[in-house]
Amino acid sequence: MENLKIYSAIDKLNNKIEVKTVNSYEDFKNTITVFRGFPYYETLPDADIKEEFGLYQDKGIALGAYVNDKIVGLNCIVYESEDKHSIAFVDPKKVAYYSGLAVKEECRGLGIAKILVSETDKFLQDLKMFDYEYARILLHGSMSEGIFRLNGFEDASVKDGLIVDEVGFVRSNTGEYAPDERKYMVKKLTLNAPDYFRR
């Protein structure tokens, strides 16, 4: 993965904040594991984390928020829509999928996720490769929904309502299988982009 820095600033407390590519597997692993906790409780075996890190190196990008050179957040993008999702696009190769927005628990509420989404959005728009960007979030209780809305994302809906998936897996907190519902949020990046639809 190329070395890329898309944002750099100094905050009020004189902390250096950067958003750049995550080239260290350890940085990636130490951040993505927040999904093992509330509200997702994903099991996330180490082998799956390694496979996911490889995916972003091959078919997307993992952008990290670093404060004083220590990673505190992550935004993962796949440069193509996912076949397994209920939302479909006419040209999947012209779609960027926000597949994982994560901020370490001790750093939440500091605006890190806002910076990650805002700077990722600018980066993707500047590439001029995509008609759409989209995310799949919890239908109820998402911590990131407001951030996506601030950046111009809207609920993905068709005539009969929201496009929603049921996602189920064995939860890390109970060891039992449990489903939840996820909805899609989309942002059109080109005026003449063809409509998306439900599969």
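Helices here (H or I, at least four residues) and strands (E, at least two) are DSSP runs, numbered from the N terminus.

Some housekeeping comes next. The model is predicted, so local features need pLDDT of at least 70 and side-chain atom pairs count only at pLDDT 80 or more, while totals for chains, interfaces and linings use all residues. Residues are numbered from 1 along each chain as its sequence is written, and side-chain values use heavy atoms, with hydrogens and water left out.

**The pocket and the cavity**

Both kinds of space come from a 1 Å grid over the protein atoms alone: a cavity is a set of points where a 1.4 Å probe fits but cannot get out, and a pocket is an open set with protein on both sides within 12 Å along at least five of seven lines. Lining residues have an atom within 4 Å of a point. Grid points are joined across faces, edges and corners, and a volume is the space filled by probe spheres set on the points.

The largest pocket holds about 1,200 Å³ of space. Its lining runs to 45 residues, and Phe35, Glu42, Glu52, Ser99 and Gly100 are the ones nearest the centre. At least two lining residues come from each of α2 (46-59), β6 (95-103), α3 (112-127), β7 (132-138), α4 (145-150) and β11 (164-170). For the classes, Ala, Val, Leu, Ile, Met, Phe, Trp, Tyr, Cys and Pro count as nonpolar, Asp, Glu, Lys and Arg as charged, and the others, Gly among them, as polar. The pocket lining splits into 27 nonpolar, 8 polar and 10 charged residues.

There is also 1 cavity of 30 Å³ or more, and the largest cavity has a volume of about 40 Å³. Its lining is made of Phe89, Val90, Asp91, Val95, Asp131, Tyr132, Pro194 and Asp195. By class that is 5 nonpolar, no polar and 3 charged residues.

**Helix α1 and the cores**

Buried means under 20% relative accessible area, exposed over 50%, and partly exposed in between (1.4 Å probe, protein chains only). In helix α1 (residues 25-32), the buried set is Tyr25, Phe28, Lys29, Thr31 and Ile32. Those buried residues pack against α2, β3 (60-67), β4 (70-78) and β6, with contact meaning heavy atoms within 4.5 Å. Where α1 starts, a side-chain oxygen of Ser24 comes within 3.3 Å of the backbone nitrogen of Glu26.

A nonpolar core is a set of buried Ala, Val, Leu, Ile, Met, Phe, Trp, Tyr and Cys residues joined through side-chain atoms within 4.5 Å. The largest one has 31 residues, and Phe28, Leu74, Ile87, Phe89, Tyr134 and Tyr196 have the most contacts inside it. Two or more of its residues come from each of α1, α2, β3, β4, β6, β7 and β12 (177-188). Of these, β4 gives the most, with 4 residues. Another core lies apart from it, with 26 residues, including Ile61, Val72, Ile112 and Val117.

Leu74 is worth a click: leaving out residues up to four places away in sequence, its contacts include Phe28, Thr31, Ile32, Gly100 and Leu101.

| Residue | Relative accessibility | Class |
|---|---|---|
| Thr120 | 0% | buried |
| Ser144 | 12% | buried |
| Pro194 | 34% | partly exposed |
| Lys93 | 58% | exposed |

Thr120 sits in helix α3. Its side chain makes a polar contact of 3.0 Å with that of Asn75; such a contact is a pair of N or O atoms within 3.5 Å, where within protein one must be able to donate a hydrogen and the other to accept it, and residues adjacent in sequence count only if both atoms are side-chain atoms. Beyond its neighbours within four places in sequence, Thr120 also touches Ile6, Leu63, Ile77 and Tyr98.

Ser144 is in the loop between β7 and α4, and touches Leu101 and Ile137, not counting residues up to four places away in sequence.

Pro194 belongs to the loop between β12 and β13 (197-198).

Lys93 lies in the loop between β5 (87-88) and β6. Its C-alpha is 6.9 Å from that of Tyr79, 14 residues apart along the chain. Neighbours within four places aside, Lys93 is in contact with Tyr79, Glu80 and Phe130.
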